[in-house]
Amino acid sequence: MTMKKTLMIGAAFLSLQSVSFAQHQNIYKKNWIDFNKNGKKDIFEDPTQDIEKRVADLLSLMNVEEKTCQMATLYGYGRVLKEEMPVAEWKTKVWKDGIANIDEALNSLAYNKKAETKYSFPFSRHADAINMLQKWFIEETRMGIPVDFTNEAIHGLCHDRATPLPAPINIGSTWNKAMVRQAGSIVGREAKALGYTNVYAPILDPARDQRWGRVVECYGENPYHIAEMGKQMVLGIQENGVAATLKHFAVYSIPKGGRDGGARTDPHVALRELHQIHLYPFRRVVQEAAPMGVMSSYNDYDGVPITGSHYFLTELLREKYGFKGYIVSDSEAVEYIYSKHHVVDDYKGAVKQAVEAGLDVRTNFTMPEEYIMPLRALIKEGRVSMKTIDERVGNVLRVKFRLGLFDQPYVQDTKASDQLVHTAKDEAFSAQLSRESLVLLKNEGNLLPLTVKNLKKIMVTGPLAAEQNYTTSRYGPSNNPITSVLDGLKNYVGTAATVNYVKGCDIIDPTWPESEIMPTPLTAEEQAGIDAAVAEAKLSDVIIAVVGEDEKRVGESLSRTGLNLPGRQLQLLMALHATGKPVVMVMINGQPLTINWENKNLPAILEAWFPGPQSGNIIAETLFGDYNPGGKLPITFPKSIGQLEYNFPFKPASQAGQPSSGNNGYGKTSVNGALYPFGYGLSYTTFEYTNLKVKQSTPHAGSIIEVSVDVKNTGKRKGDDVVQLYLKDVVSSVTTYDSDLRGFERIGLLPGEQKTIKFILNPDDLSILDKDMNWKVEPGKFRVMIGHSSEDIKLKEEFDILP
């Protein structure tokens, strides 16, 4: 069937569906909509009225059933909803009185065959379908309150064939704020075109435990870096008239021992660290980008479930940070108050605690009435006040008004969606974002970039060489064409050299992960696989080994107990190295790995993380020098899991080595130091920093500090550098971090080119939490440091803040 016929059939079907709504066509007036169908323009229906007046008016007209329906999520088709389009039976469902939001509506969710739908693509058909769903709620419910259509979007919109972006850990590795803003803008534009009005992005959790499975979904470990990247993502999304909902508030990313899944509890975080590390990105992004949504997390803090914490959801988020949007729970977070944390007697008690704490909307993969009915019972029993309910519902309605849903609830030009989603320009941007996320970890003897004309036989090996699943995840776009690393190398080399592939080994061995703690001998089949790779390696000029983790080894509920290369991959690399041929290691992985032998023995290592579907092409371009890698690590690589926690920033001497001599030193008992520090990354060229200047507007607290430094490309290739500014409070009333990131800029320089980079330090950058837990700029000496990484500091300068 041709695309044109498919579109015509889809349009005809939607036209037939719309017949049932014909009796309500008179509600659409000039410049306003009669949502409650009473024949007059109420205040809430008047676009010229102030939003607060519209919210108050609408609340005054709603009954309890309608209000409680605005406090729950309905998951879309294939998740909870059984029907793709409205049916007569919906008039008997709880959402006959409305609903707060529908999540993942008709998006053909990756890995869920039940969610596959003919309405996800072409994009215009999805926009038409969302309009039909919206139309039902506006025309078939008494108050006609529009639905907020939500969707995931941490590395591209979670929709069939939307523009794919690399994983968030890749995005963090770019250190490119302008590109993150553009990435957010693409997500927002595509969401708007497809009918989504709210996206769950970005994740602002600091990834402080490298074992945690969701490191791949985070920007990194440093709160300042995360805040800067997250701010740009929110601004990009919301400039398109779509809400951004921050995840996961709060202190979610450091469960005890890095455990996930059934754990998600008991973060061991001190109060000052809570604010300085885990809450800092949320505070900054809320105050500087005004996101319209925040998602509350599953976990507790110091025994109190976050989703049931008035302190976190109301006192901090709303009263101190000034959050004005609505708070939605992570799926099952309300249920966990009862079933996991056991701080209430029953589920109804969990509902009461969450609502009174400040939760506006409950989300779970169950029917919304499971929450709405206990909530209504609590109201009837007088255990939850209508004042509280009105506050929660008001927060939801306020966002819907801000989104313009009461003025233009439909996608206006659905046909235009086909030209607005996943354009050729977007595809090129996606590839560039993946390129900029690549981090060169080692390049001994300048083995890279490779030169095709100097090679006759190239061997490609490793379990990730032909793998594709890491390019698509539960939280991103699906059904896009994928180029594996093997195919990308073949495409690049063409007929200029011979490319031979031998897999070598699988990603894991049969007993993994138990084999990480109890080594087992290789099976005959495994030995034969490595032997075949070695035989081919001996005949080759260079070996490109693609190793690491795939999508099944890292992600939500996939925390690890070890961080070595899984399975027999190290044995494969050791055997290849023994041939004497140069081995280039390309690492596909979602979290830092303890690649100590690899770093010591292999001449070249390229960190690719989980790049997008074009990963094969961009990795090939980089290995052969068409692109010069300029990414930097946004997270520390430890040498051993025995060092954990091991992060940046850290308190003075907290990550120091042990003395091997002196009064308290008796010898070496631990492996010390980072394998690769925060901010680390090499290039095919070199950069020099000179002329560091620090200028104060005033010597007192409240001073604006201007910092400038000259950066020069001293090599022979064009390249990107990430100039990093670190700040140290030399003496303070409480122990502060040894130093912390307080500025960064990614710049591109031609050979011999020089640029002056300028930074502004404001009072917030100099503030610490003092003895009384107040943010304060204390008088004293501060040290500005400019470096290539948190450890490779090149220039220093000091300034004083006077009393």
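**Ground rules.** I worked on a predicted model, where local features need pLDDT of at least 70, side-chain atom pairs count only at pLDDT 80 or more, and totals for chains, interfaces and linings use all residues. Residues are numbered from 1 along each chain as its sequence is written, and side-chain values use heavy atoms, with hydrogens and water left out.

**Pockets.** I began with the open spaces. A pocket here is an open set of points on a 1 Å grid over the protein atoms alone, with protein on both sides within 12 Å along at least five of seven lines, and a lining residue has an atom within 4 Å of a point. Volume is the space filled by probe spheres set on the points, which are joined across faces, edges and corners.

The largest pocket holds about 560 Å³. I found 42 residues in its lining, and Arg214, Glu217, Arg474, Tyr475 and Glu556 lie nearest the centre. That lining splits into 19 nonpolar, 11 polar and 12 charged residues (nonpolar is Ala, Val, Leu, Ile, Met, Phe, Trp, Tyr, Cys and Pro; charged is Asp, Glu, Lys and Arg; the others, Gly among them, are polar).

The second largest pocket comes to about 410 Å³. Its lining has 23 residues, with Ser515, Glu516, Asn564, Leu565 and Gly567 nearest the centre. Helix 19 (569-577) and helix 20 (596-601) each give at least two residues to this lining; helices (H or I, at least four residues) and strands (E, at least two) are DSSP runs numbered from the N terminus. I noted nine nonpolar, 10 polar and four charged residues there.

**Cavities.** I have two cavities of 30 Å³ or more.

The largest cavity is about 240 Å³, and Tyr737, Asp740, Arg742, Ser767 and Ile768 lie nearest its centre among 18 lining residues. Helix 8 (271-278), strand 22 (719-729), strand 23 (740-749) and helix 22 (763-766) each supply at least two of the lining residues.

The second largest cavity is about 40 Å³. Its lining includes Glu66, Lys96, Asp97 and Arg142, and divides into two nonpolar, three polar and four charged residues.

**Cysteines.** How many disulfides does a search of the whole structure find? I got zero, with a pair of cysteine sulfur atoms within 2.5 Å as the criterion.

**Strands.** Strand 16 (residues 583-588) is largely enclosed by the rest of the structure, because six of its six residues are buried. Val583, Met585 and Met587 point one way, and Val584, Val586 and Ile588 the other. Strand 15 (residues 542-548) runs parallel to strand 16 and is joined to it by six bridges; strands pair if DSSP finds at least two bridges between them. Met585 is the bridge partner of Ala545.

I then turned to strand 27 (residues 780-787) and strand 28 (residues 793-801), which are antiparallel and share eight bridges. They form a hairpin with five residues between them, and Ile786 bridges to Leu795.

**Annotation.** UniProt, in an unreviewed entry, places "domain: Fibronectin type III-like" at residues 721-790; its positions use the numbering here, feature names are shortened, and annotations may be inferred rather than shown by experiment. I looked up that span: it is 6% helix and 56% strand, and its end C-alpha atoms lie 14 Å apart.

Notes. 1 Å grid on protein atoms, 1.4 Å probe; cavity = no way out; pocket = protein on both sides within 12 Å on 5 of 7 lines; lining within 4 Å. Buried < 20%, exposed > 50% of the residue type's maximum accessible area, 1.4 Å probe, protein only.
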